[in-house]
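Subject: Structure handover

Hello,

I am passing on the structure below, followed by notes on what was found in it. Please read the notes with the structure open.

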Amino acid sequence: MLSSTEARALRTRLSAFAPLSDSSWKTLISLGTRESLVAGGFFSRPGTPATRFAVVLSGWLRHY
C-alpha cells in the first residue's frame, strides 16, 4: 500500500496525462500493490502479454 504522500504524488503526476475523478482514483489506488524487484529481476518477460503497469518509486528500471 502506498503512503498518503506517495499516493498524492502519484495522482499529481498521472493527472498531467489524464485527470481522474475521485471515484476513479479510489478504484485505481485500491487495485494497486507495492512490489520490489531484486537486481536483475523481471517485471515482465518477452512474449508475455502485458496485463499490468508499474510506477517506479525509486531505483531504475529498463526495458528493451
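How do the residues of the lining of the largest pocket divide into nonpolar, polar and charged? There are 21 nonpolar, 10 polar and 5 charged residues in that lining. Here Ala, Val, Leu, Ile, Met, Phe, Trp, Tyr, Cys and Pro count as nonpolar, Asp, Glu, Lys and Arg as charged, and the others, Gly among them, as polar.

Before the rest, a word on the source. The model is predicted, and local features need pLDDT of at least 70, side-chain atom pairs count only at pLDDT 80 or more, and totals for chains, interfaces and linings use all residues. Residues are numbered from 1 along each chain as its sequence is written, and side-chain values use heavy atoms, with hydrogens and water left out.

The chain as a whole

The secondary structure comes to 2 helices and 0 strands (DSSP runs, numbered from the N terminus: H or I of at least four residues for helices, E of at least two for strands). The chain is more spread out than a compact globule, because its radius of gyration is 13 Å, well over the 11 Å that the globule rule gives for 64 residues. That radius is taken over C-alpha atoms, and the rule is 2.2 Å times the number of residues to the power 0.38. The C-alpha trace spans about 35 × 25 × 20 Å along its principal axes.

Of the 64 residues in the chain, 5% are buried (buried is under 20% relative accessible area, exposed over 50%, partly exposed in between, with a 1.4 Å probe and protein chains only). The accessible surface is about 6,000 Å², and 59% of this surface belongs to carbon and sulfur atoms. Such areas come from the Shrake-Rupley method with a 1.4 Å probe; for residues, only the protein chains shown count as cover.

The pockets

A pocket is found on a 1 Å grid over the protein atoms alone, as an open set of points where a 1.4 Å probe fits, with protein on both sides within 12 Å along at least five of seven lines; lining residues have an atom within 4 Å of a point. Grid points are joined across faces, edges and corners, and a volume is the space filled by probe spheres set on the points.

The largest pocket has a volume of about 1,400 Å³. Its lining has 36 residues, and Leu37, Phe43, Ala54, Val56 and Leu61 lie nearest the centre. Helix H1 (4-15) and helix H2 (22-31) are the elements that give two or more residues to this lining. H2 provides the largest share, 3 residues.

The second largest pocket holds about 180 Å³ of space. Its lining consists of Thr5, Glu6, Ala9, Leu10, Arg13, Leu14, Val55, Val56 and Leu57. By class, these are 6 nonpolar, 1 polar and 2 charged residues.

Some individual residues

- Ala7 lies in helix H1 and is buried, with a relative accessible area of 15%. Ala7 touches Leu2, Trp25 and Ile29.
- Leu28 lies in helix H2 and counts as partly exposed at 30% relative accessibility.
- Gly32 sits in the segment after H2 and is partly exposed, at 42% relative accessibility. From C-alpha to C-alpha, Gly32 is 10 Å from Val55, which is 23 residues apart from it in sequence. The C-alpha atoms of Ala7 and Gly32, 25 residues apart along the chain, are also separated by 10 Å.
- Leu37 is found in the segment after H2 and is partly exposed at 38%. Leu37 is in contact with Phe42, Phe43 and Leu61.

Regards

Note on methods
Contact = heavy atoms within 4.5 Å. Lists of a residue's contacts leave out its neighbours within four places in sequence.
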